[in-house]
Amino acid sequence: MQISFLGAAGTVTGSKHLVTSGNRRVLVDCGLFQGLKVLRLKNWARFPIDPATIDAVVLTHAHIDHTGYLPLLVRQGFRGKVYCSEVTLSLCQLLLRDSAHLQEEEARYANKRGYSKHKPALPLYTKEDAEAALEHLVPLPVGRDVQILDGITVKLQLAGHILGACTVLLKDEQTSILFSGDLGRMEDPLLFPPAPPEAADYLVVESTYGNRLHEKAAPEAQLAEVINRTVKRGGSVLVPVFAVGRAQEVLYYIHKIKQAGAIPADIPVYLNSPMAVDATLIFLTHHAQHKLDAAQCRELAKVAKVVSTVEESMSLNELREPAIILAASGMASGGRVVHHLKALGPDPRNTVLFAGFQAAGTRGAALLDGAESVKIHGEYVPMRAEIASIDNLSAHADYQEIMQWLSQCPQPPKQTFIVHGEPVAADALRHRIEEERQWNVMVPEYLQTVELDGK
């Protein structure tokens with residue numbers, strides 16, 4: 001067996017791990033690179049291997065940095081099946097269609113405004129490409145070994161993080177390798193903690209927060225504080241959210257603090273993301289995979305006014321009274337939140353509140369680093385609004401929670417690979433695992449291939 005790191009090596013995004021066993025090839029995750037331009041350009045480059053030679057893809061979860069390259073993989077010749085949990089399949093139907101829509105919309109807007117260097121600007125892929133990719137998806141049961149190719153089995157176990165997210169245990173006749181995917185929090189308010197890791201010869205683990213601890217302060221107290229001081233100065237709170245996972249968690253906390261009287265009961269809340277609305281419906285119909293009962297789910301559905309049309313979305317920029325606006329995407333890299341940022345960002349009464357990890361090169365990361373303006377639709381827009389963040393709303397385990405998960409391993413792996421983290425975070429986790437667990441650990445480089453010994 002071999003493993004090749006075709007993404008999420010030296011960076012948080014673009015997860016793609018190719019496992020080769022004899023003449024069989026399985027790609028674990030198939031994500032888009034996001035953030036820095038040098039990374040995003042990799043999405044346009046030729047795939048490192050011929051996609052037609054890949055026999056199957058297995059997805060850990062639905063986020064675009066783990067699934068968003070699928071339409072390109074299929075367009076370039078991949079003809080196999082894409083395996084994932086049932087919920088991940090449902091969410092991919094939303095996310096991949098939305099990703100294609102955003103690609104087409106961005107290209108259309110760039111051509112209309114003339115700010116792209118490319119004439120004409122083209123989408124990375126189209127809605128037709130997304131639909132073609134979705135035809136390859138096949139649901140797998142959670143908690144059971146399933147043969148996906150001759151001599152190769154996969155076992156999914158819930159990983160927290162977002163609904164349907166799973167770890168992936170991949171085995172051939174001699175060797176096993178466990179992929180953590182993105183690990184969730186041990187004390188997530190909505191989702192159950194990650195299932196303990198399976199015994200495996202090799203381990204691939206994420207390191208998004210490999211050098212950081214989440215704050216211990218209650219997120220709802222911080223959220224109430226930000227909302228109240230913004231309302232006091234007559235402003236609105238704009239929350240860039242990931243449509244799958246973060247939107248539902250923020251709505252849960254808003255409901256909680258409204259019920260407790262910690263923020264004005266009459267402040268309107270708007271959910272301006274068609275995909276987040278659909279994702280919330282999927283969340284509400286899968287009670288077995290989260291902690292809320294049916295009554296709590298019904299309450300969650302009533303927290304925000306759903307913004308359906310483009311006209312309604314545009315009208316939010318003209319609000320005269322304070323409001324809370326949740327809009328995708330979570331790193332302000334695309335979607336409706338960008339238009340709100342352009343309109344609300346220059347007003348010092350408003351607050352832009354980030355509620356999760358911001359990858360290097362995104363508008364979110366720039367704003368948290370103190371940028372006084374950001375480039376939107378070809379022009380620099382001044383940012384005079386308060387920029388705030390609540391780090392402990394993250395859906396990623398911090399290093400303490402990762403170490404807690406690793407402590408449950410039935411046996412030490414022969415080798416642990418650290419992926420899906422910025423270089424400093426990945427190396428910090430490597431050092432911590434070596435020191436505390438005395439395991440063999442490495443941080444692989446982009447396109448590196450490693451031979452995996454059998455039993």
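**Entry 1. Strand pairing around S2**

Two strands count as paired if DSSP finds at least two bridges between them. I note at the outset that the structure I consulted is a predicted model.

I began with strand S2, which covers residues 17-21. How many bridges join S1 to S2? I found four, and strand S1 (residues 2-5) and S2 run antiparallel. Within this pairing, Ser4 has Leu18 of S2 as its bridge partner.

I then turned to strand S3 (residues 24-28), which pairs with S2 over five bridges, again in the antiparallel sense. Here Ser21 stands opposite Arg24 of S3. The two strands S2 and S3 make a hairpin, with two residues between them. In the turn I looked up Gly22, whose phi is positive, at about 60 degrees.

I recalled that strands of a sheet pair through backbone hydrogen bonds, parallel or antiparallel.

**Entry 2. The two sides of S2**

In a regular strand the side chains alternate between the two faces of the sheet. I checked how S2 compares with this. His17, Val19 and Ser21 point one way from S2, whereas Leu18 and Thr20 point the other way. Are these residues buried or exposed? All are buried, and S2 is accordingly described as mostly covered, with five of its five residues buried.

I next recorded an open sheet of seven strands, in the order S7-S8-S9-S10-S11-S20-S21, with mixed pairing. Its edge strands are S7 (146-149) and S21 (441-442), each of which pairs on one side only. From S7 I followed the pairing to strand S8 (residues 152-158): three bridges join them, and the two run antiparallel. Gln147 stands opposite Thr153 of S8.

A further open sheet has six strands, in the order S14-S13-S15-S12-S16-S19, and its pairing is parallel. The edges of this sheet are S14 (305-306) and S19, and each pairs on one side only. As an example from this sheet I took S13 (residues 269-272) and S15 (residues 324-327), which are joined by four bridges and run parallel. Val269 faces Ile324 of S15 in this pairing, standing opposite it.

**Entry 3. Salt bridges**

How many salt bridges does a search of the whole structure find? It finds 20. I examined three of them.

The side chains of Lys256 and Glu220 meet in a salt bridge, at 3.1 Å from N to O. Lys256 belongs to helix H7 (residues 246-259) and Glu220 to helix H6 (residues 219-232), so the pair ties together parts that are 36 residues apart in sequence. Lys256 has a relative accessible area of 35% and is therefore partly exposed. Glu220, at 19%, is buried; I noted that the cut-off for buried is under 20%.

The side chains of Arg233 and Glu386 also form a salt bridge, at 2.7 Å from N to O. This pair links distant parts of the chain, 153 residues apart: Arg233 is in the loop between H6 and strand S12 (237-240), and Glu386 is in strand S19 (residues 386-389). Arg233 is partly exposed, at 29% relative accessibility.

For the third, I looked up Arg349, which forms a salt bridge with Asp347; their closest N and O atoms are 2.8 Å apart. Arg349 counts as partly exposed, at 42% relative accessibility.

**Entry 4. Surface patches**

Which residues form the positive surface patch? I listed Lys37, Arg40, Lys117 and Lys375. Of these I located Lys117, which lies in the loop between helix H4 (86-113) and helix H5 (127-134). With a relative accessible area of 75%, Lys117 is exposed.

I also recorded a nonpolar surface patch of about 360 Å², made by Leu41, Trp44 and Leu122. Leu41 is part of helix H1 (residues 37-44). Its relative accessible area is 47%, so Leu41 is partly exposed; exposed would require over 50%.

**Entry 5. Thr280**

Finally, I looked up Thr280, found in helix H8 (residues 274-284). Thr280 is buried, at a relative accessible area of 6%. How far apart are Thr280 and Met1, and in what sense? In sequence they are 279 residues apart, and in space they are 40 Å apart, C-alpha to C-alpha.

Terms used:
Residues numbered from 1 in each chain as written. Predicted model: local features only at pLDDT ≥ 70, side-chain atom pairs only at ≥ 80, totals over all residues. Heavy atoms only, no water. Salt bridge = Lys/Arg side-chain N within 4 Å of Asp/Glu carboxyl O. Buried < 20%, exposed > 50% of the residue type's maximum accessible area, 1.4 Å probe, protein only. Patch = residues over 30% accessible without salt bridge, like charges linked within 9 Å, V, L, I, M, F, W, Y side chains within 5 Å. Areas by Shrake-Rupley, 256 points an atom, 1.4 Å probe, with all protein chains shown as cover. Lys, Arg positive; Asp, Glu negative; His and termini not counted. Charge placed at Lys NZ, Arg CZ, Asp CG, Glu CD.
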